[in-house]
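Please look over the sequence and the model shown here before reading on. The briefing that comes after is meant for a reader new to this structure.

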There are 2 protein chains.
Amino acid sequence: MEVKIYSIPVKVKLLDLTTGGPLVIVMHPNDMKELGINIEDRVKVCGANNDDITAIVNETTRLVKEDEVGVSLELAEKLNLKEGQEIFLEPSSPPESMLYIKKKMNDQVLEKSEIYKIVNDIIENNLSQIELAAFVTAMYINDLNMDEVEYMTRAIIDSGEKIKFEKPLIVDKHCIGGVAGNRTTMLVVPILAANGLCMPKTSSRSITSAAGTADTMEVLCPVDLPLEKIKSITNKIGAVITWGGAVSLAPADDIIIKVEHPLRADPRGQVIASVMAKKASVGSNHLIIDIPMGPDTKVKTLKNAKALADDFVEIGKRLGIKTEALITKGDQPIGRAVGPALEARAVLRTLEGEIFDDLGEKSCELAGVLLEMTGKAEKGNGFDLAKKTIENGLALKKMREIIKMQGGKSTVTSKSIKLAEYKKNVLSKREGYIEQISNKKTNLLARIAGSPKDKKAGLYFHKVVGEKVHKGDILFEVHAENKQKLESAISYLEKRHPVVLKKIIIQSVE
Amino acid sequence: MEVKIYSIPVKVKLLDLTTGGPLVIVMHPNDMKELGINIEDRVKVCGANNDDITAIVNETTRLVKEDEVGVSLELAEKLNLKEGQEIFLEPSSPPESMLYIKKKMNDQVLEKSEIYKIVNDIIENNLSQIELAAFVTAMYINDLNMDEVEYMTRAIIDSGEKIKFEKPLIVDKHCIGGVAGNRTTMLVVPILAANGLCMPKTSSRSITSAAGTADTMEVLCPVDLPLEKIKSITNKIGAVITWGGAVSLAPADDIIIKVEHPLRADPRGQVIASVMAKKASVGSNHLIIDIPMGPDTKVKTLKNAKALADDFVEIGKRLGIKTEALITKGDQPIGRAVGPALEARAVLRTLEGEIFDDLGEKSCELAGVLLEMTGKAEKGNGFDLAKKTIENGLALKKMREIIKMQGGKSTVTSKSIKLAEYKKNVLSKREGYIEQISNKKTNLLARIAGSPKDKKAGLYFHKVVGEKVHKGDILFEVHAENKQKLESAISYLEKRHPVVLKKIIIQSVE
């Protein structure tokens with residue numbers, strides 16, 4: 001209800017702060033009472049030239065006196081306010097989208113226009129942390145139906161920038177995460193690009209794992225490429241591997257994620273919209289979704305994995321993106337390396353033909369599916385073509401092109417990658433078979449050792465699941481860039497160990 | 001999982017700000033990466049004397065450089081930090097209660113100890129706005145069962161101060177609100193105290209209505225009484241009418257309400273816990289809950305009103321408070337006056353025996369129930385005793401005692417109350433019967449006229465529902481303390497009118 005109430009005059013006091021989120025003013029409680037407003041309510045701040053802007057109110061008796069208003073630098077700049085200047089404040093309503101957030105809290109289905117309004121208010125920074133948290137919580141509890149997910153995806157796409165490429169076949173992959181060492185992207189991209197497909201891959205940095213693809217690729221070359229560069233490189237050589245955070249493909253999503261993170265809440269519909277919007281923004285038309293299933297991944301049961309897979313495929317269909325979702329084994333780390341430098345070395349070793357373990361195998365499986373989807377390989381021959389692309393050196397050649405175009409050294413080899421100065425071999429205390437390696441503890445251990453901030457920190461496994469170990473064998477190496485972090489990692493190991501040996505005797509009863 | 005990771009040294013930069021809520025530090029993004037933390041994560045801030053304290057992290061590149069940390073004045077004071085001093089930061093986990101908030105988000109039932117932990121973290125200021133908003137939203141959507149409401153009530157009681165009175169019969173009333181002019185408390189309290197009951201009434205100020213009981217009582221005397229004063233006055237004369245916000249009876253609740261307000265969300269269980277905790281804190285053992293039902297009140301249907309009434313009674317039983325919940329007519333304002341001074345005058349007029357309209361009638365009904373519950377009146381005679389207490393002047397005498405003890409003038413009369421300088425008579429444009437007066441529009445109009453900040457602002461109805469009006473009759477007066485606000489109110493009236501005349505012809509078809 002838009003009602004012109006009345007305004008009160010106040011004097012500007014410039015405060016040396018910026019909020020990042022919505023604009024905020026601080027008022028004296030007596031002035032708030034005068035306007036009939038409370039903390040977190042909104043006021044219209046009316047400047048000199050009939051400009052006005054809406055801000056959220058906080059209360060203070062310390063920073064401003066009665067008849068003064070404290071304004072942040074951002075707000076002062078927007079309205080061109082000077083210290084001591086007289087301006088007017090007027091009560092204002094919450095943004096319209098708050099009605100729709102409330103609707104979702106009441107478990108009602110949102111219309112397309114309502115979802116667009118919410119997403120618009122998010123990118124315009126019109127919603128407070130409290131309101132955003134309520135929205136995320138409501139989506140988490142009451143879920144979005146397929147129509148809502150579609151609208152959310154489209155609204156996020158429309159909120160950001162888009163890239164169009166020259167070639168017709170734009171492929172992409174996404175992994176919903178949780179598996180240590182899972183650097184398949186850095187193999188899939190050069191394999192596919194070497195086969196004539198176009199793959200402008202934007203990846204994330206790690207939030208809770210030991211390394212993200214962007215962290216690992218950064219060992220080889222810069223990854224914070226602007227949009228124009230992503231476009232020109234991809235048009236030229238068919239691929240990039242960059243950090244998605246450097247470009248503004250889905251700004252609404254970036255803001256939502258900042259609230260999801262502290263709540264450890266990933267509303268299913270929002271996760272799908274977030275992934276699919278970023279793929280659509282770069283014009284992908286063939287996409288695979290890797291859904292690792294395991295005790296430490298986001299999806300723990302086949303039933304849930306299947307439901308999520310179906311939803312991804314359905315939204316892909318609605319957006320005109322041919323999508324295949326693959327439920328993969330996610331109960332243990334992939335490959336033997338964890339941490340940016342060690343993982344980058346493993347990728348190069350694989351491309352150089354030196355090793356071909358489960359990292360190479362999984363990458364060729366994934367690449368194979370996309371080769372078949374796009375008609376580059378016949379049904380059933382995708383894996384073989386992918387593997388051949390590694391064996392004949394074309395994938396390595398393409399990877400070197402990518403590295404060079406992004407500003408790295410194209411002469412890089414697995415041997416030229418520098419490793420950490422501090423290292424500790426962790427030995428097996430008994431004989432047996434490796435039964436399990438925990439993703440969660442592996443990631444945590446690598447993080448304590450300094451990964452991903454310290455590029456050279458991480459783990460390297462000598463033994464993986466199923467292998468036989470003797471007492472005194474090296475289970476894995478811990479790498480760190482300084483002594484303190486290596487010691488922290490070792491002392492953590494005393495309490496929790498990522499590797500579990502098979503127990504033959506389950507229990508002994510006397 | 002409590003894992004000692006490692007710490008980084010940083011130099012203190014004192015920032016001239018206070019947060020009010022949880023402690024906050026601002027860090028440079030490079031240091032955040034070094035610690036492996038994100039915005040809204042927590043760190044342990046370790047000071048000089050092995051003291052440490054947990055704070056929530058915000059990011060800035062402007063306020064601090066790398067290897068610096070910006071700390072608020074509150075935090076600096078707690079750890080005795082000086083500008084430039086070296087301290088250590090260490091990643092820290094979210095408070096344990098975040099697990100239980102997540103549990104409620106997942107629609108699981110919380111244990112007693114879990115609810116206590118949440119309430120404790122709320123009053124210790126350990127939860128961020130995002131986390132609190134998620135908790136409120138989760139309670140709103142997933143609701144609390146009766147056990148959870150009981151534990152929440154007890155946890156809130158235990159979080160605050162308590163008062164014990166000398167007399168055995170402590171009575172109280174609470175209205176869940178939404179009805180304009182509904183100042184029954186100011187009649188019920190003196191009636192009951194005059195009959196020997198003890199009624200230490202803490203009331204609220206208005207948030208969205210034209211006036212709360214505390215705003216209105218404040219016309220007659222101060223209402224921000226400290227705990228000791230509430231105790232001594234009540235022990236002496238049997239009653240007070242004070243502002244609850246001046247005492248710390250339920251600090252946890254005060255914090256939760258600050259988040260509920262911007263979301264316009266009143267989780268049912270939380271509302272019950274909030275009300276009952278405040279009553280239990282002052283040792284009430286006989287209680288009535290007034291649940292007005294109407295289109296603009298919180299409860300719109302008899303079914304919902306009944307369910308809420310049942311829950312209040314059930315929690316009362318569990319706490320040992322004899323509770324009766326009364327579903328009352330809430331579709332229109334009570335009495336003729338809206339706004340603090342006008343309502344205070346109406347209360348005094350009623351006590352002086354000058355008028356006895358629906359305000360007097362409702363007050364005697366409510367008082368009557370408590371007189372019967374406590375055995376002061378026989379079943380069926382409560383209303384009569386209450387009305388007699390007005391007629392024989394004892395209620396007025398008691399009210400004057402209360403006003404005097406709280407620091408007001410005991411010689412006050414309805415005629416001595418000063419009214420506003422600016423007044424506008426709003427006339428009827430046609431003949432008819434008053435069909436409806438909207439609470440919502442009445443409240444909003446009075447607020448635009450300046451109520452409750454301007455004590456003398458408000459409305460006075462010449463005609464109420466059911467009464468006959470002629471063209472040109474005065475429907476109501478608008479009072480304001482200045483011209484601008486009176487004009488704002490009048491211009492609002494042109495768009496929306498609180499008074500609806502009965503339509504004889506529903507529709508005309510040609």
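What follows is a short briefing, grouped by topic.

This is a predicted model, in which local features need pLDDT of at least 70 and side-chain atom pairs count only at pLDDT 80 or more, while totals for chains, interfaces and linings use all residues. Residues are numbered from 1 along each chain as its sequence is written, and chains are lettered from A and ligands numbered from 1 in the order in which they are written.

**Chain A as a whole**

- The secondary structure of chain A comes to 18 helices and 18 strands, where helices (H or I, at least four residues) and strands (E, at least two) are DSSP runs numbered from the N terminus.
- Along its principal axes, the C-alpha trace of chain A spans about 80 × 60 × 50 Å.
- Of the 510 residues of chain A, 54% count as buried, a residue being buried if 20 or more other C-beta atoms, placed from the backbone, lie within 10 Å of its own.
- Among contacts in chain A with a separation of 6 or more, 79% come from residues 24 or more positions apart; two residues are in contact if their C-beta atoms, placed from the backbone, lie within 7 Å.

**How the two chains are related**

- Leaving aside neighbours within four places in sequence, A:A133 is in contact with A:V259, A:L263, B:I130, B:A133 and B:A134.

**A helix and a sheet in chain B**

- Helix α11 (residues 268-281) of chain B has 14 residues, of which 13 are buried, and α11(B) is followed by B:G283, whose phi is positive, near 75 degrees.
- An open sheet of three strands in chain B has the order β16-β14-β18 with antiparallel pairing, two strands being paired if DSSP finds at least two bridges between them.
- Two bridges join β14 (residues 432-437) of chain B to β16(B), and B:K468 in β16(B) is the bridge partner of B:Y433.

Key:
A residue is buried if 20 or more other C-beta atoms lie within 10 Å of its own, exposed if 12 or fewer, and partly exposed in between; C-beta atoms are placed from the backbone. The expected span of a helix is 1.5 Å times one less than its number of residues.
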